[in-house]
Amino acid sequence: MQETISVNDVKDAHKNWCNALLAISKAHSEGGLAKSKPLASEIIDAAYAYQFGPVAFKPTWAYGKKTFRTTKDGALSYFIGDNPKFNDPGFGIGSPGNKDYPNLKNRSPWVKCTPENFAIQIFGNTAIGMGWVHFEAADGYKSKVDKTLSYIRDDEGNLRITVHHSSTPYSW
């Protein structure tokens with residue numbers, strides 16, 4: 001874990017995160033959990049640092065005692081649902097539909113995901129990126145979340161997410 005991370009590496013990682021989310025949403029719209037769950041699992045294995053220990057993951061649509069997701073199972077549930085331990089509707093599946101959380105109906109798959117970086121800090125083989133991520137669903141629903149991602153470069157040169165904090169922007 002020696003190689004220095006660049007600003008472009010972080011920007012690429014943010015774009016890749018968005019592309020992965022869109023792939024999960026598309027897979028779910030085409031084949032349900034049978035198609036989206038294995039894909040989401042592969043994406044988490046490739047993007048997050050769970051193989052090194054707990055990841056500090058605080059998703060937007062998380063609440064109560066299940067707010068923080070330090071395990072892969074918690075992250076997988078957040079992205080696709082299907083785990084009664086966490087009671088998630090699956091953010092990666094698509095829009096909040098009827099907004100009856102966590103029992104969302106009439107959902108629309110995400111079709112656009114755009115990161116907007118405000119600060120990127122580089123510390124050798126670790127980096128932090130903070131900004132907004134803009135989402136758009138096929139039905140036109142739009143959302144924006146505050147997102148902070150921290151990375152480490154592994155021995156194979158891949159960036160791995162060690163901290164993922166996401167929340168809705170504050171409003172009065």
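User: Hi! Before we dig in, what does contact mean here?
Analyst: Contact means heavy atoms within 4.5 Å. This is a predicted model, where local features need pLDDT of at least 70 and side-chain atom pairs count only at pLDDT 80 or more, while totals for chains, interfaces and linings use all residues. Residues are numbered from 1 along each chain as its sequence is written, and side-chain values use heavy atoms, with hydrogens and water left out.

User: Great. Which residues does I120 touch, leaving out those up to four places away in sequence?
Analyst: With that exclusion, I120 touches V7, V10, K11, I128 and G129. Of these, K11 is 109 residues from I120 in sequence, yet their C-alpha atoms are 8.6 Å apart in space.

User: And where is I120 found?
Analyst: I120 is in strand 2, residues 110-123. Helices (H or I, at least four residues) and strands (E, at least two) are DSSP runs, numbered from the N terminus.

User: How exposed is I120?
Analyst: I120 is partly exposed, at 22% relative accessible area. Buried means under 20%, exposed over 50% and partly exposed in between, with a 1.4 Å probe and protein chains only.

User: OK, new topic: what order do the strands take in the sheet?
Analyst: The five strands form an open sheet in the order 1-5-4-3-2, with mixed pairing. Two strands pair if DSSP finds at least two bridges between them. The edges are strand 1 and strand 2, each pairing on one side only.

User: What packs on that sheet?
Analyst: Helix 1 does, touching strand 2, strand 3, strand 4 and strand 5, and its direction makes about 145 degrees with that of strand 2. For such angles, axes are lines fitted to C-alpha atoms, for helices over the stretch in contact, and values run from 0 to 180 degrees between N-to-C directions.

User: How many bridges join strand 3 to strand 4?
Analyst: There are 11, and the two strands run antiparallel. In this pairing, V133 stands opposite V145 of strand 4. The two strands form a hairpin with four residues between them, and G140 in the turn has a positive phi of about 95 degrees.

User: What about strand 4 and strand 5?
Analyst: They pair in the antiparallel sense over eight bridges, and T148 has H165 in strand 5 as its bridge partner. Their hairpin has five residues between the strands, with G157 at a positive phi near 95 degrees.

User: Let's go inside. How many residues has the largest nonpolar core?
Analyst: The core has 36 residues, and W17, Y48, F79 and F135 have the most contacts inside it. A nonpolar core is a set of buried Ala, Val, Leu, Ile, Met, Phe, Trp, Tyr and Cys residues joined through side-chain atoms within 4.5 Å. Helix 1 gives the largest share, 11 residues.

User: Why is the pair of Y78 and F91 called stacked?
Analyst: Because their planes lie at 10 degrees, with the ring centres 5.8 Å apart.

User: Last one: which ring does the charged end of K144 sit over?
Analyst: The ring of W132, 3.6 Å from its centre. Here NZ of Lys or CZ of Arg must be within 6 Å of the ring centre and within 35 degrees of the ring normal.

Note on methods:
Phe/Tyr/Trp six-rings, centres within 6.5 Å; stacked < 30°, edge-to-face > 60°.
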